[in-house]
Amino acid sequence: MKFGVVRFPGTCDDFDARDAALRVDGAEAVLLWHGDHDLQGVDAVIVPGGFSYGDYLRVGAIARFAPVMTEVMEFAREGGTVLGICNGFQILCEAGLLPGALLPNTGRRFIFRQVDLDVDRADTRFTSAVPAGQTSLSIPIKHTTGRYYAPEDQLDALEANGQVLLRYAPGQNPNGSLRDIAGVTNEAGNVFGLMPHPEHAVDPLTGSVDGLTLFTSMAQAVSRV
Amino acid sequence: MKARVLIRPKAGILDPQGVAVEQALPALGFTGVSEVRVGRMVELEIADESQLDQLCQKLLANTLIEDYEIVSVEGAVAP
C-alpha cells in the first residue's frame, strides 16, 4: 500500500500528511511534485493542506491546472482513492472532482481549534476504520476559507446519495458551512474532501488520534481491491 | 484588445467582506449604506475576443458561487 502526497508551491502540511500515512501498518508514502506528470504508481492520492500558487484569484483555482492534476483527475475518474484536506479540498472542488465550493468563513477570521465531527457514515473507504460505537471524531481545523457551499437542490442530492461523511457537531459549526458539512465525497464515493486536518490528529501528544482512522480506512480499502 | 471582467458573489450568498466594509462605514460618519458586496475586476489584453466568455467560465469566475460580467471591451461599454 503506497500513499502519494501532492506538493504544490505553498503546501505546508505535506510532511504531516506523509508521516500520518506512514503510521498505518505496512504503508509507504511518497511526495508527488506538482510539476511532474507522474503519480509514481501510488495506490491512493492525498492532496494536502496549506496553500497553493498563492491561492490567487480564488483558493485552489490555479492549482487545479498544475501538471500533476492531470494524472490525479485521471486516477480519480478511474475510481482511484483520493483524499483532499483543507486547501486540497478546495482544489478538488475547483477541479470539479467534488461538488460545491468553499467560501470565506462567516466570521471573516482565520480559525484554529479542535472540533468534534459527527460521523454520518462509517461504511465508506474513508471512514470504515472508525471503531464501532464511535460516532464522532476530534480533529483540528485551521482555515480562513472553509464555509462549505452548494445550492440547496445539490445539498439535498448530496444527502440523499449519502455523500456527506462528516459534519461539525451541533453548535460547533465554526465557519458557517451549510448543513454543518465538514466533508463530502463525489457521487462515486472514491474522492473525499474535508476542511479539518486528520493528519494533525494522529498522536496522543496532540490530544487525539482520531485522524488516523481516515488513513487506516483508505489503506484497508485499497488492500481489499 | 482590452477587456474588463467584473466578478461578484452570487446574489443570496453571504459576502463577509461586504459585511465588514458595511460595518466600518458608520464609524467614518457614513450612514444609510447597505447591501455592500465586494467583488473583483480583471483587466486583460486578449487577441481573440470570442474566447472571453469561455475564459471567464473556466478560470476567472467559479460560476457556482460567482457571477461575471464583461463590462467593457476596448474601452467601449458592452451592450
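In chain A of this predicted model, 54% of the 225 residues are buried. For chain B, by contrast, the buried fraction is 5% of 79 residues. A residue counts as buried here when 20 or more other C-beta atoms lie within 10 Å of its own.

The secondary structure of chain A comprises 5 helices and 11 strands. With a radius of gyration of 16 Å, close to the 17 Å that the globule rule gives for 225 residues, chain A is therefore as compact as a globular protein of that length. Along the principal axes, the C-alpha atoms of chain A occupy a box of roughly 40 × 40 × 35 Å.

Chain B contains 2 helices and 4 strands. Read from the N terminus, the order of elements in chain B is β-α-β-α-β-β. The radius of gyration of chain B is 15 Å, whereas a compact globule of 79 residues would have a value near 12 Å. The box filled by the C-alpha atoms of chain B, again taken along the principal axes, is roughly 45 × 25 × 20 Å.

The table below concerns contacts with a sequence separation of 6 or more, and gives the share formed by residues 24 or more positions apart.

| Chain | Share of contacts from residues 24 or more positions apart |
|---|---|
| Chain A | 76% of contacts with a separation of 6 or more |
| Chain B | 67% of contacts with a separation of 6 or more |

Definitions and conventions
Residues are numbered from 1 along each chain as its sequence is written. Chains are lettered from A and ligands numbered from 1 in the order in which they are written. This is a predicted model: local features need pLDDT of at least 70, side-chain atom pairs count only at pLDDT 80 or more; totals for chains, interfaces and linings use all residues. The radius of gyration is taken over C-alpha atoms; the globule rule is 2.2 Å times the number of residues to the power 0.38. A residue is buried if 20 or more other C-beta atoms lie within 10 Å of its own, exposed if 12 or fewer, and partly exposed in between; C-beta atoms are placed from the backbone. Two residues are in contact if their C-beta atoms, placed from the backbone, lie within 7 Å.
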